[in-house]
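Here are my notes for you, point by point. Keep the model open while you read and look up each residue as it comes along.

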Amino acid sequence: MKSISSVTGKLTVLNRLPSSHFGNPRYEVLIDNQTVATMVDASLGYGITNFDGKEVAAVIGTHYGRRSVQSVELATGQTT
């Protein structure tokens with residue numbers, strides 16, 4: 001992954017992308033006014049919908065030419 005940065009903001013799930021070749025879910029999300037996607041075959045695809053509408057701290061970057069999210073966690077002070 002290139003151009004890695006940390007962002008904090010509200011996560012909004014925009015839509016579900018086609019599953020990977022191996023059937024793993026993928027999503028397109030909006031974080032801090034940046035549209036990013038979960039990486040192919042990343043386990044994050046299974047849990048990212050749990051963060052919809054919540055303030056998160058995320059690591060994003062460019063993976064094979066596409067803006068992607070590498071990790072997401074609740075922002076400090078947030079509860080589930």
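1. Start with S20: leaving out residues up to four places away in sequence, S20 touches R26, V40 and D41 (touching, or contact, means heavy atoms within 4.5 Å). S20 sits in the loop between β1 and β2; helices (H or I, at least four residues) and strands (E, at least two) are DSSP runs, numbered from the N terminus. S20 is buried, at 10% relative accessible area. Buried means under 20% relative accessible area, exposed over 50%, and partly exposed in between, with a 1.4 Å probe and protein chains only.

2. A word on the model before you go on. It is a predicted one, where local features need pLDDT of at least 70 and side-chain atom pairs count only at pLDDT 80 or more, while totals for chains, interfaces and linings use all residues. Residues are numbered from 1 along each chain as its sequence is written, and side-chain values use heavy atoms, with hydrogens and water left out.

3. Back to D41. Its side chain makes a polar contact with the side chain of S20, at 2.5 Å. A polar contact is a pair of N or O atoms within 3.5 Å; within protein, one must be able to donate a hydrogen and the other to accept it, and residues adjacent in sequence count only if both atoms are side-chain atoms. D41 is in the loop between β3 (34–38) and α1, and is partly exposed at 36% relative accessibility.

4. Check the backbone of D41 too: phi is positive, about 60°, although D41 is not a glycine. Most residues other than glycine have a negative phi. S3, in strand β1, also has a positive phi, near 50°. S3 is exposed, with a relative accessible area of 54%.

5. Now the overall fold. Five strands form a closed barrel in the order β1-β2-β3-β5-β4, with mixed pairing (two strands pair if DSSP finds at least two bridges between them). From one strand to the next, the twist averages 55°; axes here are lines fitted to C-alpha atoms, for helices over the stretch in contact, and angles run from 0 to 180 degrees between N-to-C directions. Strands β4 (residues 55–63) and β5 (residues 66–74) pair in the antiparallel sense over eight bridges, and H63 stands opposite R66 in β5.

6. Which residue does R66 form a salt bridge with? The partner is E28, with the closest N and O atoms 3.9 Å apart. E28 lies in β2 and R66 in β5, so the pair ties together parts that are 38 residues apart in sequence. A salt bridge is a side-chain nitrogen of Lys or Arg within 4 Å of a carboxyl oxygen of Asp or Glu, and the structure holds one. E28 is buried at 18% relative accessible area, whereas R66 is partly exposed at 35%.

7. Next, the inside. The largest nonpolar core has 14 residues, and L11, V29, I31, I48, V69 and V72 have the most contacts inside it. Such a core is a set of buried Ala, Val, Leu, Ile, Met, Phe, Trp, Tyr and Cys residues joined through side-chain atoms within 4.5 Å. β1 (2–17), β2 (26–31), β4 and β5 each supply at least two residues of this core. Leaving aside neighbours within four places in sequence, V72 is in contact with several residues, including L11, L44 and I48.

8. Last, K54, in the loop between α1 (44–47) and β4. K54 is partly exposed, with a relative accessible area of 23%. A polar atom of its side chain lies 3.4 Å from the backbone oxygen of N50.
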